[in-house]
Amino acid sequence: MNRKHLSSLYKKEIMDVIRDKKTLLVMIVLPLILYPLLFIVILQVITMINTSETSNEYKYAYVGKDSITVDAISKLNNWIDSDDNELEYDINPSVKYIGEDEKTLIEALNKEEIDAYIKVSEKDGQVFYKINYLSSVSNSANCKSYLTEELEGLNEESAKEKISESGLDVDSVLYPVVCDSVDKASGEEAMGNVLGSVIPFLLITSVLMGCVYPAIDATSGEKERGTLETLLTCPINNLELIMSKFLSVATIAAFSVFINMISVGGIAVYLYLTMKSLSSKFDDFNFSTFIPALIIVIFCILAFALFMSAVVMCICAFAKSFKEANNYVSPIMIVVLLVGYVGFIPNVKLTTTMSLIPVVNVVLLLKNLLAFKYEIGTILLVLMSNIVYAGITVWFLSRIYDSESILFGESLGNMRIFERRINIKKNSIPSPMDALFVYIIVLIGMIYVGGVLGLKSVLMSVFIPQGLILLVPLLAVIYMKGDIKKIYLLKLPKIRHLLGSIVLFAGTWCLTSIVGAILSQFFPNAEMDATESYMAIVESLPFVGGVLVIALLPAVVEELFFRGFILSSFKNRMNPFAACVAVSFLFACIHMLPIRILPIMVLSMGLCYSAYKSESIITSSCMHFLNNFISVIALYYPKKVEFISNMKFDTPLKVIGFLLIGVLLFVIGLLIIHGRPFRVKEEKA
Amino acid sequence: MIEACNVTKNFIKQEKKGIKKEFAAVCDVSIKTNCGEILGVLGPNGAGKTTLLRMLGGLMKPDVGEVFVLDRENNRISNREVLKSYIGYLSENTKLYGRFTVRELLSVFGELYGYNKNDIKGRIEEVSETMMLQDFIDNKIEKLSTGQKQRVSISRCLLHDPENYIFDEPTLGLDIISAKSIIDFMKTEKTRGKSVIYSTHYMEEAEFLCDRIVMLNQGKIIAEGSPLELKEKYGTRNLRETFFAIVEENE
């Protein structure tokens, strides 16, 4: 990579982006004006609500005119007006209405002429005040709360009087146990805890807002304006082009965060000054305690900006116009913002697994940092994982930019799924964007529907996700009038392909075992997490049932979806290798086991190759089944096959030996499936 | 001098029933330009002209065959990145960065062509004098007229003083004055000993401008020669009639 080219291109990209009025608006004007404006509006609304609530007069009534009721109500009213009553309210309650019968009062309550009515009864010396109110009317609900508190006060006061009358010590009888609490958290810690929920979400949003427009502008915007071809006439290579665009988008995103931080910081200082004038707790507040956290936050946000820029650019690269790119980015923005809410959920901890989940890791780390929890290992893991993900995405992006059909031809987009069915041609193949859309629907369905229903029974937790994986794409194919046989590769394979796939699986299994074993050294709990979900099935089903549910069902359903539906869509518009990598990544992600992403991707690459070359789903299904079957045996008979379930690579010889066998089988499998070398020999002969 | 040896470029076309089919946009084409020559590439829409010129300009990689240029020392340069620095490429699709001023744009491209900052300044002055950009050199490109933009495009193309030029339908949609500036430029460069490859739909323009013509149809060369040779061969009065005769003969 030529550094001079990179710096010139970077300068050009930055100049181009910052001269775009839309970007400037989103990046500078919105945060500097919108946030303070929103804050002022929210503050005003809250003040208005409070004012309207406290300035009201509560009107309550009571049923009947009997002596018990009159006595009870007068007691309550006297208590409300009493000097001993320490409850402070800015309202003026009044007994507006005394109904002869309850029916009249219910009508009055429904017409909101009164806020509540009380029905009094007496039993065994106890007086019962039954408050009738409407929870759907805020004033009525407030009146109920008010009356409840006043009645509790009256209750305590009556109890005190009775205890005093019987000559006992009121405090020791009424309060034999006294509970008190002291908040030992400093003002900084208390504020950090509050900020930890809000700030990560704001920062995530600002990174997203900061990178989306520059990313669209630098990719599809450049294609739309026709300047990309001009740039390609220069003696530069794809990597220089991509890196310059990527770095410029990340820079703009980081700058946007900086602007946002200034804006939010301004609001925070304003809040602090207001709070300080109201409460003495903030007198010793020291802003400098946040400095170390802020420094790490900056690095963390930079890493996240790199990752998000790469992801958004990757998606935009498939679009051929600004508008199309906007459509593609919207679902990603929704997903990221939804995931960003994790910061608001209490008790979600940043574990090792969480540290590897994009977006979630950054939100939780920011939350920890603002609560002054510094764990160097976790910080490094989050930073590194974001940088690694960004690197992988940039590599993928450079592959996309290597595709001349994307640079000069039609985009990969063209989502048929949103077209009217009548306009869709028969036997069409879904586009990659169609496939991605279906994938997202399946993923969201698995998280929400599968998650909720999965709690009901063990089998549901398997059948619901598998059902979604089977049905959602199938419905999409039917809607798009796709050729089911062709898309799902429903064809008998050649014996050579089947044999080759089995050998390829043996090689892949050896390699994934090594990768898995290496990863388990670093993340010992990850393997436990992976098997834990299946243990419930093992406990509830016999071995044959386990084979059907854990091995066969996913082998068929997942293959139809990933190596059938998605691979068919991707290979139609991308080069085969990039298509296989993309499918494998999606396949690994749906397993929701971040630590196992790499081994699953290795396995999936083998499955993709087998399905791609044989053009039959049966080969990859066989491989998938074998893989799952071995796991089922290990789950049911852990002691008998300990060499599988607890495979240890404790000596270099074992690692090298297994690696060599794996590579050898892998290559042999590839050669058998590929078949070309044998044919060449035949031709020569 | 640019030379393409047996280049083929395949694309995947979507057939009616969603079936992919590979087709050759350019099939086994060999062409060569000489110094001080304008070579015209003609053909109907979809003949493969743009794909051929993109391969010659290093924008696309041929699936089969090789494209190379010869430098002043007669070294054969086929590396696409290096090759691009020997070529000035201009097409209808090579638009300019509207948000930049003319000076900024030329400066960025100068840097990408390997000039240092001081040399760029000097080179921009030279080019702006040649192409008469002085009046609007510090104006934003989006504010310029079509003719002025065309002059900037040519300036971008000749900034690195290449030995070869590739023009893909450069006068398409331009008014007569703007088109003339491009034609004049090509003539000038030809007299300076540069080689020019030029594709157009305007037969009259090609007839008086080109020294040699290559006609493409369905990705293959169907005729080659000087305008005079072609007219004589097909017994036609002008290149337009020759073009129709050749296309008809091949269909």
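In this predicted model, Gln218(B) counts as exposed because its relative accessibility of 61% lies over the 50% cut-off. This residue sits in the loop that runs between strand S9 (212-217) and strand S10 (220-225) of chain B, and its phi is near 50 degrees, a positive value in a residue other than glycine. Most residues other than glycine have a negative phi. A further case is found in chain A, where Glu112(A), although not a glycine, has a positive phi of about 65 degrees; Glu112(A) is placed in the loop between helix H4 (102-110) and strand S3 (116-123) of that chain. The two residues are set out together here.

| Residue | Phi | Loop |
|---|---|---|
| Glu112(A) | about 65 degrees | between H4 (102-110) and S3 (116-123) of chain A |

Turning to chain B as a whole, its secondary structure comprises 9 helices and 10 strands, and 54% of its 251 residues are buried. When contacts in chain B between residues at least 6 apart in sequence are considered, 66% of them join residues that are at least 24 apart. The accessible surface of this chain amounts to about 11,400 Å², with 47% of that area belonging to carbon and sulfur atoms.

The size of an interface is often given as the accessible area lost when the parts come together. For chain A and chain B, the area buried between them is about 3,200 Å², of which 52% is on carbon and sulfur atoms, and the contacts involve 36 residues of chain A and 35 residues of chain B.

Polar interactions also cross this interface: 17 residue pairs are in polar contact, both residues of each pair being at pLDDT 80 or more, and the count of salt bridges between the two chains is 6. One salt bridge joins the side chains of Glu111(B) and Lys11(A), with an N to O distance of 2.9 Å. On the side of chain A that touches chain B, the elements giving two or more residues are helices H1 (3-18), H7 (187-225), H8 (228-232), H14 (404-408) and H20 (543-573) of chain A. The largest share of that side, 9 residues, is supplied by H1(A). By residue class, the side of chain A that touches chain B divides into 16 charged, 10 polar and 10 nonpolar residues.

Definitions and conventions: Residues are numbered from 1 along each chain as its sequence is written. Chains are lettered from A and ligands numbered from 1 in the order in which they are written. This is a predicted model: local features need pLDDT of at least 70, side-chain atom pairs count only at pLDDT 80 or more; totals for chains, interfaces and linings use all residues. Side-chain values use heavy atoms; hydrogens and water are left out. Helices (H or I, at least four residues) and strands (E, at least two) are DSSP runs, numbered from the N terminus. Buried means under 20% relative accessible area, exposed over 50%, partly exposed in between (1.4 Å probe, protein chains only). Contact means heavy atoms within 4.5 Å. Accessible areas come from the Shrake-Rupley method with a 1.4 Å probe; for residues, only the protein chains shown count as cover. Buried area is the accessible area (1.4 Å probe) that two parts lose on being put together, summed over both. A salt bridge is a side-chain nitrogen of Lys or Arg within 4 Å of a carboxyl oxygen of Asp or Glu. A polar contact is a pair of N or O atoms within 3.5 Å; within protein, one must be able to donate a hydrogen and the other to accept it, and residues adjacent in sequence count only if both atoms are side-chain atoms. Ala, Val, Leu, Ile, Met, Phe, Trp, Tyr, Cys and Pro count as nonpolar, Asp, Glu, Lys and Arg as charged, and the others, Gly among them, as polar.
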